[in-house]
Amino acid sequence: MPKIRFVSADGSQVQEFDAPVGLSVLEIAHENGIDLEGACEGSLACSTCHVIVDPLWYDQLEPPVEEEEDMLDLAFGLTHTSRLGCQIIMTEELDGLTVRLPSATRNMMVG
Ligand code: FES
């Protein structure tokens, strides 16, 4: 079973979990009590599932679709390797995928 690593926003903590193939990073975060909101439950209508992908892994992900790019534009603390966690689906090849939580989230639907 592939593994995923979540790095805390300040970089001080790394937690590794089993990452079943076919589950999204958001789903894996929720199963393991990681504080990633995911307000729209993966329907590309928020940016609260924003994660910062380790640059070593970023190019190995499927490129984001336009809707994801649009939502990411609204994400707080956007970086060059930002993605929406609900759109990253685990595969065997992504074993060891490392993502960092952004330092703050802000849901533009509310703000
Ligand atoms: S959970 Fe809303 S876009 Fe990912």
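This is a predicted model: local features need pLDDT of at least 70, side-chain atom pairs count only at pLDDT 80 or more; totals for chains, interfaces and linings use all residues.
As a bit of background, strands of a sheet pair through backbone hydrogen bonds, and the pairing can be parallel or antiparallel. Both kinds turn up around β1. On one side, strand β1 (residues 3-7) runs antiparallel to β2 (residues 14-18), and five bridges join the two. With β5 (residues 97-100), by contrast, β1 runs parallel, and here the bridges number four.

Next comes the nonpolar interior. In soluble globular proteins, nonpolar side chains tend to be buried together. The largest nonpolar core in this model takes in 26 residues, and the ones with the most contacts inside it are Ile 4, Phe 6, Val 53, Ile 88 and Leu 97. Two or more residues each come from β1, α1 (25-31), β3 (50-53), α3 (66-72) and β5. Helix α1 gives the largest share, at four residues. Ile 88 makes a handy case to look at up close. Setting aside residues up to four places away in sequence, Ile 88 touches Leu 23, Ser 24, Val 25, Val 51, Val 53, Leu 61, Arg 83, Leu 94 and Leu 97.

On the charged side of things, the whole structure contains three salt bridges. One of them joins the side chains of Asp 18 and Lys 3, with 2.6 Å from N to O. Asp 18 belongs to β2 and Lys 3 to β1, so this pair ties together parts that are 15 residues apart in sequence. Glu 16 and Arg 5 form another salt bridge, their closest N and O atoms being 2.8 Å apart. This pair, too, links β2 with β1, Glu 16 being in the former and Arg 5 in the latter, eleven residues apart. Glu 16 is partly exposed at 41% relative accessible area, and Arg 5 counts as partly exposed at 33%.

The remaining salt bridge brings together the side chains of Glu 68 and Arg 83, at 2.7 Å from N to O. Since Glu 68 lies in helix α3 and Arg 83 in strand β4, the pair ties together parts that are 15 residues apart in sequence. Here both partners, Glu 68 and Arg 83, are buried.

Thr 98 is found in strand β5 and is buried, because its relative accessible area of 12% falls under the 20% cut-off. A polar atom of the Thr 98 side chain lies 3.0 Å from the backbone oxygen of Gly 96. Not counting residues up to four places away in sequence, Thr 98 touches Arg 5, Val 7, Ile 52, Val 53, Asp 54 and Trp 57. So Arg 5 has contact with Thr 98 as well as a salt bridge with Glu 16.

Glu 92 sits in the loop between β4 and β5. Its relative accessible area is 51%, so Glu 92 counts as exposed, the cut-off being over 50%. Beyond its neighbours within four places in sequence, Glu 92 is in contact with Pro 2 and Val 21. Gln 13 is another matter: Glu 92 and Gln 13 are 79 residues apart along the chain, and their C-alpha atoms are separated by 24 Å.

Definitions and conventions. Residues are numbered from 1 along each chain as its sequence is written. Side-chain values use heavy atoms; hydrogens and water are left out. Two strands pair if DSSP finds at least two bridges between them. A nonpolar core is a set of buried Ala, Val, Leu, Ile, Met, Phe, Trp, Tyr and Cys residues joined through side-chain atoms within 4.5 Å. Buried means under 20% relative accessible area, exposed over 50%, partly exposed in between (1.4 Å probe, protein chains only). Contact means heavy atoms within 4.5 Å. A salt bridge is a side-chain nitrogen of Lys or Arg within 4 Å of a carboxyl oxygen of Asp or Glu. A polar contact is a pair of N or O atoms within 3.5 Å; within protein, one must be able to donate a hydrogen and the other to accept it, and residues adjacent in sequence count only if both atoms are side-chain atoms.
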